[in-house]
Amino acid sequence: QLEPTVKVGATGKTISRLAPTGKALIDGEMMEVHAVNKFIDPDHPIEVVGIEGYRIDVVETSDDRFEN
């Protein structure tokens with residue numbers, strides 16, 4: 001497996017529940033991510049806040065670009 005290509009600050013949305021790990025779509029790419037401070041439900045906007053080895057840390061954002 002390659003190092004994550006995603007960068008800190010990238011945004012996306014959750015595909016599965018992050019409890020605390022789950023799937024998310026970031027920059028059009030499906031990847032496994034880790035919620036830092038709480039569980040996050042599916043279809044919520046997230047932002048990458050840290051990358052440690054293969055672990056991609058994310059937090060939920062209130063980015064209105066994702067709201068319909």
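**View 1. The whole chain, read along its sequence.** Followed along the sequence, the chain of this predicted model shows the pattern β-β-β-β-β, with 5 strands and 0 helices in the chain. Among its 68 residues, 34% count as buried, and the accessible surface of the chain comes to about 4,400 Å², of which carbon and sulfur atoms hold 49%.

View 2. The 5 strands close into a barrel, in which the order is E1-E2-E3-E5-E4 and the pairing is mixed. From one strand to the next, the twist averages 55 degrees.

**View 3. The pairing of strands E2 and E3.** Strands of a sheet pair through backbone hydrogen bonds, and they may do so either parallel or antiparallel. Here strand E2, residues 21–26, and strand E3, residues 29–35, run antiparallel and are joined by 6 bridges. Within this pairing, Ala24 stands opposite Met31 in E3.

**View 4. The largest nonpolar core.** This core holds 13 residues, of which Val6, Ile26, Val33, Val48, Ile56 and Val58 touch the most other members. At least two residues of the core come from each of E2, E3, strand E4 (45–52) and strand E5 (55–60), and E3 gives the most, with 3 residues.

**View 5. The surroundings of Ile26.** When its neighbours within four places in sequence are left aside, Ile26 is in contact with Val6, Ala10, Thr11 and Gly12, and also with Met31, Val33, Ile46 and Val48.

Key:
Residues are numbered from 1 along each chain as its sequence is written. This is a predicted model: local features need pLDDT of at least 70, side-chain atom pairs count only at pLDDT 80 or more; totals for chains, interfaces and linings use all residues. Side-chain values use heavy atoms; hydrogens and water are left out. Two strands pair if DSSP finds at least two bridges between them. Helices (H or I, at least four residues) and strands (E, at least two) are DSSP runs, numbered from the N terminus. Axes are lines fitted to C-alpha atoms, for helices over the stretch in contact, and angles run from 0 to 180 degrees between N-to-C directions. Buried means under 20% relative accessible area, exposed over 50%, partly exposed in between (1.4 Å probe, protein chains only). Accessible areas come from the Shrake-Rupley method with a 1.4 Å probe; for residues, only the protein chains shown count as cover. A nonpolar core is a set of buried Ala, Val, Leu, Ile, Met, Phe, Trp, Tyr and Cys residues joined through side-chain atoms within 4.5 Å. Contact means heavy atoms within 4.5 Å.
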